[in-house]
Amino acid sequence: MAILTKEEAKKIVDKVLAYSKADEMSVSLNGNRTGNIRYARNSVSTSGESDNLSLAVTAVYGKRSGTATINEFDDASLEKTVRRAEEIAKLAPENPEYMPMLGPQTYLETGTYSESTAKIDPEFRAKAAFDSIDPCKKKNLTAAGYMEDTTGFACIGNSKGLFGYNRSTGVDFSITVRTADGLGSGYANPDVNDVSKLNTKATTEIAMQKALASASARALEPGKYTVILEPTASVELLQNMMRSMDARNADEGRSFLSKKGGGTRLGEKLFDERVTFISDPMNAELPLSPFGGGGGGGGQGRFGGGGGDGLPQEKRTWIENGVVKNMYYSRYWADKKGVKPIPAPGGFIMLGGTQSLADLIKSTDKGILVTRFWYIRAVDPQTQLYTGLTRDGTFYIENGQIKFPIKNFRFNESPVIMLNNVEALGKPVRAGGNLIPPMKIRDFTFTSLSDAV
């Protein structure tokens with residue numbers, strides 16, 4: 001029952017709205033089937049599958065609102081939930097920023113659903129784990145991995161006539177491989193909507209190669225280096241920057257897009273001219289939910305959905321040739337500023353070139369290859385300064401070749417500064433629910449060494 005058809009979902013939404021006595025009412029209905037398998041020390045430790053179906057009802061009187069949730073769907077339970085939401089709304093304080101609900105909207109038909117992913121079963125997960133563990137055992141390496149697949153739907157509706165429905169799937173797979181002595185570590189983390197694009201054996205072999213190559217690491221002095229960042233390294237820094245492109249924060253002086261003395265930096269060139277960010281729910285490699293406020297499955301991205309009011313998602317340019325073209329506006333802030341509301345994207349695409357990671361390495365005289373960052377923390381949100389550590393494969397490059405593994409560094413860097421120091425961009429690949437190119441960046445700041453592997 002966890003995955004309802006559009007017709008089944010609409011029937012429940014319509015029934016809930018028919019019970020309403022409030023001025024306005026909205027309904028969010030979500031369901032998913034989620035399966036997983038986890039392994040460590042070359043042995044599966046847990047595996048499971050769960051189904052979940054839930055309903056949230058929000059009732060509104062004037063500017064007072066209340067929400068109640070339930071996972072029972074008989075008529076009496078649905079009506080009880082409506083009455084409870086109305087009771088809470090009457091007791092709630094007024095929200096001075098409340099915006100009336102949207103009327104009917106037109107949503108894109110995005111390709112977030114994959115039948116091959118929806119058909120994943122325990123046998124498939126076991127085979128995926130075996131294909132990852134077996135090659136590691138044969139080379140006396142230790143594997144620790146996790147795969148999670150989700151199939152779901154999201155449905156929204158309200159008393160103004162809005163209705164939206166979307167099915168989606170997604171698969172996350174991450175693998176860490178260590179050498180027997182624990183001194184070498186490799187990592188890989190692809191994510192896909194369509195599981196036919198995932199090969200756990202091939203992915204594990206990448207992590208194996210990095211584990212074997214990263215043993216006997218040497219120490220380099222901290223300082224500024226040319227770096228080649230794999231997408232798994234840069235994704236979190238770029239996500240943090242893109243999450244900060246909220247117009248209200250900029251207008252109120254809390255953002256890197258705030259202008260001294262007031263105003264925003266919309267329309268200014270803040271990055272290298274090769275830097276362009278877009279979002280496109282219809283992108284074949286990164287399909288996304290067509291509306292904000294929905295969950296219920298994979299393929300929604302890890303970035304944001306544009307809020308819970310059902311604003312349609314559409315293709316949009318955020319940064320073009322280094323110039324800030326758009327910020328996202330809540331409906332309240334857009335109304336206050338007299339502009340069109342713009343939802344935050346469910347995921348972003350950073351445009352790049354055609355070079356592979358290997359091509360970027362070959363073009364580097366001296367530099368450092370970074371597999372990924374972890375334990376990233378904000379130092380100064382207004383300048384987007386972050387700190388964190390390299391991990392799971394950091395290598396020194398000389399004359400276009402990887403020469404030797406190096407000890408991990410702590411870094412202090414801002415993605416804004418980073419994107420002003422671009423040397424080259426490769427071909428974008430999926431990472432963390434986004435499409436990101438490998439990047440060659442000059443003058444990246446490493447501040448200290450880390451003894452962690």
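**Tyr225 and Phe409, two buried rings that pair across the chain.** Tyr225 is buried, as is Phe409, where buried stands for under 20% relative accessible area, exposed for over 50% and partly exposed for values in between (1.4 Å probe, protein chains only). The model is a predicted one, in which local features need pLDDT of at least 70 and side-chain atom pairs count only at pLDDT 80 or more, while totals for chains, interfaces and linings use all residues. Residues are numbered from 1 along each chain as its sequence is written, and side-chain values use heavy atoms, with hydrogens and water left out. Rings of Phe, Tyr and Trp (its six-membered ring) are paired if their centres lie within 6.5 Å, and planes under 30 degrees apart are called stacked, those over 60 edge-to-face and the rest tilted. This rule gives 14 aromatic pairs. Tyr225 and Phe409 form a tilted pair, with 6.0 Å from centre to centre and 35 degrees between the planes. The two partners come from distant parts of the chain, 184 residues apart, with Tyr225 in strand 8 (residues 223–229) and Phe409 in strand 16 (residues 408–413); helices (H or I, at least four residues) and strands (E, at least two) are DSSP runs numbered from the N terminus.

The rings of Phe373 and Phe444 are stacked, their centres 5.7 Å apart and their planes at 10 degrees. This pair, too, links distant parts of the chain, since Phe373 belongs to strand 13 (residues 366–380) and Phe444 to strand 20 (residues 439–450), 71 residues apart. Phe373 and Phe444 are both buried. Ring pairs join Phe373 and Phe444 with Tyr225, Phe409, Phe411 and Phe446 into a cluster.

**Two arginines placed over aromatic rings.** A charge is taken to sit over a ring if NZ of Lys or CZ of Arg is within 6 Å of the ring centre and within 35 degrees of the ring normal. Arg218 lies over the face of Phe404, at 4.0 Å from the ring centre, and the charged end of Arg391 is found over the ring of Trp374, 4.2 Å from its centre.

Gln384, in the loop between strand 13 and strand 14 (385–398), has a positive phi near 60 degrees without being a glycine. Its relative accessibility of 2% means that Gln384 counts as buried. Asn399, in the loop between strand 14 and strand 15 (401–405), likewise is not a glycine but has a positive phi of about 50 degrees. With a relative accessible area of 58%, Asn399 is exposed.

**Strand 1 and its two antiparallel partners.** Of the 17 residues of strand 1 (residues 24–40), 14 are buried, so that the strand is mostly covered. Strands are said to pair if DSSP finds at least two bridges between them. Strand 1 pairs with strand 2 (residues 43–61) in the antiparallel sense over 17 bridges, and Asn32 has Asn52 in strand 2 as its bridge partner. The hairpin of strand 1 and strand 2 has 2 residues between the strands, and in it Arg41 takes a positive phi near 50 degrees. Strand 1 also runs antiparallel to strand 4 (residues 141–158), to which it is joined by 14 bridges, and here the bridge partner of Asn30 is Ala154.

**Ala180, an exposed loop residue.** Ala180 is placed in the loop between strand 5 (163–179) and strand 6 (185–188), and at 59% relative accessibility it counts as exposed. Its C-alpha atom is separated by 6.4 Å from that of Asn140, although the two residues are 40 apart along the chain.

The chain is divided into domain 1 (6–208) and domain 2 (217–453), with bounds from an automatic or database domain assignment. Taken over C-alpha atoms, the centres of domain 1 and domain 2 are separated by 25 Å. The contact, meaning heavy atoms within 4.5 Å, takes 45 residues from domain 1 and 40 residues from domain 2.

In an unreviewed entry, UniProt lists residues 27–89 as "domain: Metalloprotease TldD/E N-terminal"; positions follow the numbering used here, feature names are shortened, and annotations may be inferred rather than shown by experiment. Residues 27–89 are 24% helix and 63% strand, with their end C-alpha atoms 15 Å apart. The UniProt annotation "domain: Metalloprotease TldD/E central", also from an unreviewed entry, covers residues 148–214, a span of 21% helix and 51% strand whose end C-alpha atoms are 28 Å apart.
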